[in-house]
Amino acid sequence: MRPFLRLLTCLFCFLLSGARAQDPVYRVYDRRDGLPSNTVYCAFQDARGFLWFGTDAGASRFDGRAFRGYNVQNGLVDSEVLRIYQDSKGRIWFLTLKGLLCYYLDGKIHNPYNDPDLPKGLADRGLLSFREDAKGNIWFGGLSNQVLRIDPSDHCDFIMPDTIANPARAGWTFLYEPEPGVMIVNVQDGLVRINSDDLKETPVEMPGIGDTVAWMENTGPRTGLLISTRGLFRLNGYEAELLLSAAEIPAQMNMGRITQDEDGSLWMMNNDKCVYYLKKTPGGFAPALRYFTGQVISRVYNDREGNRWFTTIGNGVYKSPANNPQISAQYIPNDEHREQVFSIIAARDGSQWIGTSNGSVYHREGGRLSRFDLLKENNTINRVLSLLEDSTGNILCAADRGLFLLARRSDGSYEEARPIPSIEGFEVAGLKRLFRDRNGTNYTSSLTGIRPVIQRNGRLYQGELTHPDINFRVYAPFFASDGRLWFEHFERLSYLEGDKVREFPQFDSLFISRITVINETDDGCLLIGTYGRGLYVMKNDAIIFHADYNSLGLTGDHCTKLVRREGKIFLATTNGVNILQWDGASLHLIEKFANRDGLLNEYTNDLAIDNRYLYLATPDGVCTIDRIRKKTKALPPTTYITDFEILGQSVSLKAPIVVQPDSNSIGLTYIAPTFDQPHLMQFRYRFLPDDEEWTVAATTGILISDMDPGYYRFEVQAKKFNSDWGPTAFLEFRILPPFYKTLAFRILMIALAVGLAFLLIRRIIARRYQKQFVYLREQQALEVERRRIGADMHDDLGADLTNILIYSKIISSAEALNERQRGALKKIGETSNDLINKMNEIIWALNPSNDTLDNLIAYLRQYAYDFCELHNLPLQIESSPQSQLIPIKAAVRRNLFLVLKEALRNVLRHARAHQVKVHIVNDATNRSLLLLIEDDGNGIDRSKPKHGNGLVNMQKRIAEIGGTISIDSPGTKGTRIQVQVHY
C-alpha cells in the first residue's frame with residue numbers, strides 16, 4: 001500500500017455566529033490506499049483492534065498498514081454494507097441494504113447459503129441497527145420497522161410490530177434496551193416494547209419525547225440517546241431527559257446518527273453536507289460548530305487509541321490523530337490557501353508573532369490571530385524569514401522585499417506595516433536574518449552585507465554597512481560574548497574583530513556544507529550548526545566536539561535554528577527538534593521531537609521559547625510544545641499471527657501444523673493493529689528452542705527455510721514508537737525429519753547394527769571359545785604330562801636318590817674307612833639329600849593341583865619355616881588367611897618361590913643376620929600378592945664388586961611374570977626385599 005497523505009483545510013464555523021474554528025490535522029484514506037470505494041457508510045473496531053469499513057463495494061478490514069477487502073465473491077450477501085458490529089461470540093455482522101444476514105468468523109464469511117443456521121429471505125429492505133442484549137439475544141433493526149432476533153441458540157425470529165399502520169411508509173427501525181432482555185423499537189406512531197422471553201409487543205410511552213423518533217441508541221447499559229421532533233434526549237431506563245430542544249438542534253429531523261465522545265460532547269451527522277460538533281460544558285453544550293462543509297459525513301467513530309475517523313460519501317475516510325497533550329498544532333489560514341510558516345518569536349507580553357510565506361505576519365494572542373500584510377501587491381514572493389522585538393515592543397520583520405516595522409501603539413495595538421529604508425535612500429532586498437549585539441543594537445544581514453538599524457529624526461533606517469569589505473551575502477551572524485561578530489561567508493566560517501576579517505579555511509573540509517546558525521554556550525564555546533554535518537563545538541579556535549544523527553542520535557544533520565535558554569540548547573533541524581545539554585566537554589541529548597510525536601511537519605524553519613512553551617515554525621503551521629508536560633507512553637500493541645505458509649500455500653492455524661521434510665520453506669505473517677504512526681511499528685521474533693535472543697524487524701512477515709527437524713515455538717511481539725513491547729503471540733509447529741532421520745529408521749538401523757554386532761561378537765566369541773577350548777585341551781594335556789613327569793621323577797629318580805643316600809650312610813658306618821673317605825661319602829649323602837629336596841620342589845611346581853593362591857602361600861610359609869629351623873635362624877612370619885581357592889599360574893608360583901628361596905639363602909650366606917621377617921599379604925581388591933623379606937644383617941655393600949647373579953636373577957624372574965621388585969639396603973642396617981605380582 002502506498003499511503004496517500006493530504007492535509008485538509010475545512011471551514012469550521014459556529015452555526016449562529018459564523019465564527020471560524022481552528023482546523024485539526026487529517027489524513028485521508030481512499031481507493032488509492034486500498035479502500036474498495038470512496039463511499040464509506042460506517043467504521044467499527046473489533047475486539048482484536050482491526051478497523052472495519054462498510055462501503056458500497058463491500059467491507060474492508062484495516063490494520064493501520066493495509067486494507068483487506070471482502071465482497072460478494074468472498075461471501076458477502078450484498079456489496080452495500082451499511083453497518084458493522086461484533087457480538088460476544090466474536091462474530092462480526094455485516095448489515096447490508098439487501099437485508100440478508102451474514103457474519104465473519106475465523107477468516108470465513110458465513111451467509112444463508114453456506115450456513116444452515118442463518119435464515120433466508122426474512123428481512124428484504126435493509127438492516128441498519130444492532131444490539132446484543134444482556135441475555136445474549138442479538139437484535140437487528142431494518143427498514144419498514146422490521147426486527148430480527150437471534151436467540152443464544154442461534155434460532156432466528158422475524159418480528160413486524162402489529163402497531164404499524166402502513167408498513168410501506170415506515171422508516172428505519174432503531175433499538176434501545178432499557179432493561180435486561182427488553183428491547184424498545186420505534187414505529188410509525190411511537191415506541192413498542194418487545195420482551196425477549198415471549199416476543200410479546202406492548203406500546204410504551206416516554207413522556208415528553210413526542211410522537212416521531214428520528215434516531216435512538218444505547219450509550220451504555222440502560223442508558224442511551226434519542227432524537228425526536230422535540231429535541232435530543234438522554235435516556236435512563238424508561239425515563240427521558242431533554243438535553244437540547246428542537247430549536248437548539250440544527251436540522252434535527254435529518255440527523256442520521258449521533259456519536260458521543262468520552263467527555264459527553266456530541267457529533268451529529270445529517271444530510272446537510274456537514275457534521276455538527278457540540279462541545280460538552282458544565283452548563284450543557286457550547287454552540288454547534290460545523291465541520292466539513294459541503295461533504296456528507298456518514299459516521300464519526302472514535303477508536304481505542306483516541307483517533308477519530310470520519311467516513312464520507314464519496315471522499316473516503318478522514319483520520320484525525322489522537323490528541324497529544326504535550327503538543328498542539330495550528331494552521332495559519334489564508335483566504336485561498338494555508339500559508340507556510342518561516343519565522344516565529346515569543347514576545348515579552350506572552351504573545352507570539354508568526355512570519356509566513358506570503359508576506360503576512362500574524363499576531364497570536366490567546367486564541368486570536370491578527371493578520372498584518374507587509375506588501376499589498378498580489379503574486380509577490382515575500383517570505384518573512386526573521387522577526388525581532390525591539391526594546392519598545394515594536395516588531396521588526398525581515399523579508400525578501402526588505403525590512404518592515406510593525407509599530408506598537410500606546411494602547412498595545414499595532415500600526416499597519418511600513419518599510420524601513422536604507423540610510424542611503426534605496427531598498428535593501430533579500431534580507432536573511434535579524435539579530436542583536438550585546439549592547440542592544442539591532443542588525444540585519446542580507447545579500448549585500450550587515451547593516452545596523454538606526455534611528456534618525458524619529459524614524460528607523462537601515463544604516464551603512466558595518467564593514468566595507470563585508471559587502472556580500474552573510475548567513476548566521478552572531479555577536480559572541482568576547483565582542484567578535486561571527487558569520488558564514490560562502491560556506492566558510494569568518495569573524496569580524498575591529499577592522500579585521502579572519503577566516504578559517506582549515507575547517508572547509510570539515511563543514512563541507514553551508515553554516516546555518518552560530519551561537520555559544522554559557523562557558524564561551526562556539527556552537528556551529530551546519531546544513532548537512534550536524535553541530536560542532538569550537539573552543540579557542542579549535543573543534544572540540546561534534547554531534548550528528550549517527551553519533552548522538554539527533555533528529556537530523558541539517559540544522560536550521562539554535563536557541564539557548566535555562567542552560568539548555570534547543571536545536572531545530574529539517575527532521576525535528578532536539579533539546580541538548582552541554583557539560584563543558586560534551587553534548588548530551590535530553591529529548592527530541594518529530595512527526596511521531598505529533599509535529600505537523602518535521603521540517604522546522606524557526607523556533608522560539610518562553611517560560612513554558614517551545615514554538616516551532618513549520619511549512620504546515622505552528623507547533624506548540626509544552627515543556628513542563630512530559631511524554632506519556634501508549635499501551636503496548638497486541639500482535640496476531642495471521643498466516644502460516646508452506647511452499648507458498650496457507651495452512652490452517654487451528655490444526656496442528658506439521659511440515660514435511662521436502663517442504664521445509666515456511667512463511668509467517670503477523671500484524672499488530674495500530675493507527676497511531678503505524679509505519680513506526682517494530683516487531684521482534686524468535687524460534688524456540690534455537691533462539692535465545694530476539695530478532696528485531698520492521699516488516700510484518702518472514703520467510704525461512706532449511707530449518708532442522710524438530711518441534712518449534714515461534715514467538716513475536718510488537719512495539720509502537722511510544723510504548724513498551726507488547727504481549728507475546730506464539731505458534732507451535734513441527735518439522736518432520738527425512739526418513740533417514742526418523743526415529744523408526746534409527747531404531748531399524750540400531751537393530752540391524754545390534755544384530756550385526758551380535759553375529760560378529762558371537763563369531764568372535766565362538767572363535768575365542770574354540771581357541772580357549774584348544775588351549776584348555778592343551779593345558780589339560782600339559783597338566784597330565786606334568787603329573788606324569790612328576791610321578792616318574794618321584795617314583796624313579798626319587799627312589800634312586802634315596803638308595804644312594806642309604807648306601808652312602810651304610811658305607812660311612814664301616815670302620816675300615818679313613819677320614820677322607822668318610823668325608824667323601826658324607827658329601828655324597830648331602831648332595832643326594834639336596835637333589836631330593838630340589839626334585840620335590842620341581843614336582844611341587846609341576847603339579848597342577850598346586851596352582852592355587854592358598855597352596856602357594858602355605859608352601860612359602862612352610863619352606864621359610866623349614867629353612868630357618870634347619871639353619872637355626874630366628875624367623876618372624878605373617879601371611880593373609882588362606883581361605884580362597886583362587887587360581888594362579890604355575891610360572892607365578894615357581895618364580896615367587898625361587899625369589900623367596902634365593903633371598904633366604906642370601907640372608908644365611910652373606911647377611912649374618914640375627915633375625916629374618918617374612919610377610920605374605922594378599923590384596924584381593926587389586927588381585928595382587930605382596931611378598932616382603934627383611935633381615936637385620938649387614939646389608940649389601942654396593943662398593944664391593946659383584947660376584948653372583950642372585951639379585952639379577954630375582955629381578956628377571958619377577959619381570960617375567962609382570963611384577964615389581966624393590967631391593968633396599970641402607971648400609972649396615974639390613975636388607976628389605978619387596979615383591980608385588982598380580983595373579
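## Helix α5

In this predicted model, helix α5 covers residues 853–870, and its buried residues are L853, D854, L856, I857, L860, Y863, A864, F867 and C868. An α-helix has 3.6 residues a turn, so residues three or four places apart point the same way. Several buried positions of α5 can be read with that spacing in mind, among them L856, L860, Y863 and F867.

The length of the helix can be checked as well: at 1.5 Å a residue, the 18 residues of α5 should span 26 Å, and because its end C-alpha atoms are 26 Å apart, the expectation and the model agree. Just after α5, the chain reaches N872, which takes a positive phi of about 55°.

## The mixed sheet and its helices

Five strands form an open sheet with mixed pairing, in the order β70-β71-β72-β74-β73. The edges are held by β70 (875–879) and β73 (964–968), and each has a single partner strand, so one side of each is left without a neighbour in the sheet. Direction ignored, neighbouring strands of this sheet are turned by 5° against each other on average.

Helix α6 (residues 890–911) lies across β71, β72 (928–935) and β74 (975–982), and runs at about 10° to β72, while helix α7 (residues 950–960) lies across β73 and β74, running at about 155° to β73.

## Nonpolar cores

The largest nonpolar core contains 37 residues, and those with the most contacts inside it are L896, L900, L929, L931, V979 and V981. Two or more residues each are given to this core by α5, α6, β71, β72, α7 and β74, and the largest share, 10 residues, comes from α6.

What does L896 touch, once its neighbours within four places in sequence are left aside? Its contacts are L856, L860, L929, L931, I958, V979 and V981. A second, separate core of 31 residues includes V204, F233, I249 and Y276.

## The antiparallel sheet

Elsewhere in the chain, 4 strands form an open sheet in the order β4-β5-β6-β7, with antiparallel pairing. Here β4 (40–45) and β7 (67–70) stand at the edges with a single partner strand each, so one side of each is left without a neighbour in the sheet. From one strand to the next, the twist averages 20°. Strand β4 is joined by 5 bridges to β5 (residues 51–55), the two running antiparallel, and the bridge partner of Q45 is L51 in β5.

Terms used: Residues numbered from 1 in each chain as written. Predicted model: local features only at pLDDT ≥ 70, side-chain atom pairs only at ≥ 80, totals over all residues. Heavy atoms only, no water. Pairing = 2+ DSSP bridges. Axes fitted to C-alpha atoms, helices over the stretch in contact; angles between N-to-C directions. Contact = heavy atoms within 4.5 Å. Expected span 1.5 Å × (residues − 1). Buried < 20%, exposed > 50% of the residue type's maximum accessible area, 1.4 Å probe, protein only. Core = buried A, V, L, I, M, F, W, Y, C linked by side-chain atoms within 4.5 Å.
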